[in-house]
Amino acid sequence: MKTSRDGYRQNGNTCIKLFLRETRGKTYATFTIYHRNYMKQNQLTINNIILLNCLIVMIFFFPVLSFHRMLMKNILLTAIIFFGTFSLDFAKRAQKILIVSGTITIFLIWFDHFFPSNVLDLVFSFSFFFYNLFIVVFLVRHIAKSEKVNGTIIINSINGYLLIGILGAVLLAMTEILQKLIYHLGTGAINFAGGTAQGFHDFLYFSFITLTTLGYGDVTPVSAFAKSVTLIIAVAGQLYLTILVALLVGKYISSSIERS
C-alpha cells in the first residue's frame, strides 16, 4: 500500500514543503525549501497575469458586448483596481493607502452604477484615474530597478502600457462630462463619426488609436480641453515605449554580458 501527504511549514523567512510517502510500511520524507520572498514573487506574478487578462478583456472584448455593457465595465474596472493593488511588492504604508483608496474607488464605481449621475461619474473618474496613475508610476519604477529581464518584468511592461490606454479613455470621458457640467454646451468635446459617443468603449477606442499614433481620422477632438488630453495621451504613449524599450534592452544586454 502506498499513501502520501504533504504540507507547508514556515520558519521566519523560510518555507519548507514537507512530502511524506509510505510504501510497504516504510515512511519516506522529502523536503523542498523555499525562501519567503520566492513564494511572494510567485503570487505577485500570478496577480500580474490576472491583471493582464482583465486588461485584455476590457480592451478587446468589452467593446463588442451588446448586452449588460455597463455591468461588465464596472466588474472589469473593479478587477483592475483589485489586482493592480497587489501587483507589486509595495511598502506597507503605501499598500495600506492603496487598499483604502482602492476600496473608496470601487465603492464609487458601484454607487454610480446603481445611482447614475454626471457628478458621481466625474468623481469616480477622478478617483480611478489618479489611483491607477499611481500604479503605472510604480510599475515603471519597479521595471527600472529590476536587475534582469524576465517574464514578470515583460508582463509588468505590458500592463503599464495598457493601463495608460485605459487612463486615456477615462480622461476623454471626463472631458465630455465637463463639457456638459461646466460649459453647459450641447455639442460634445469630441466629434465621433456616428455623432456622439455611445459609451465608454468609444473613448477606449479613441484613446488607443491616439496612444499608438494610428489615427484613422474618424474621431477628432473639438474642444480645447479634449485637444490637450489627446496630446497628453499621444506623448505619454511614445515616451513610455521609448523609456521602457531603452530600459529593457539595456538590462538584457548587461545580463547577457554577465552570463558570457
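Biologist: With 21% relative accessibility, how does Phe-138 count: buried, exposed or partly exposed?
Modeller: This is a predicted model, so to speak of local features we need pLDDT of at least 70, and side-chain atom pairs count only at pLDDT 80 or more, while totals for chains, interfaces and linings use all residues. Residues are numbered from 1 along each chain as its sequence is written, and side-chain values use heavy atoms, leaving out hydrogens and water. Buried means under 20% relative accessible area and exposed over 50%, with the rest in between (1.4 Å probe, protein chains only). At 21%, Phe-138 is therefore partly exposed.

Biologist: Which residue forms an edge-to-face aromatic pair with Phe-138?
Modeller: The structure holds 13 aromatic pairs, where rings of Phe, Tyr and Trp (its six-membered ring) have centres within 6.5 Å; planes under 30 degrees apart are stacked, over 60 edge-to-face, the rest tilted. In this one, the centres are 5.4 Å apart with 65° between the planes. Phe-138 sits in helix α4 (residues 118–145), and its partner, 48 residues away, in the loop between α2 (69–85) and α3 (92–114); helices are DSSP runs (H or I, at least four residues), numbered from the N terminus. That partner is Phe-90.

Biologist: What is the relative accessible area of Phe-90?
Modeller: Phe-90 counts as buried. Its relative accessible area is 8%.

Biologist: Which lysine lies over the face of Phe-200?
Modeller: A charge sits over a ring if NZ of Lys or CZ of Arg is within 6 Å of the ring centre and within 35 degrees of the ring normal. Here the distance from the ring centre is 5.3 Å, and the residue is Lys-73.

Notes:
Helices (H or I, at least four residues) and strands (E, at least two) are DSSP runs, numbered from the N terminus.
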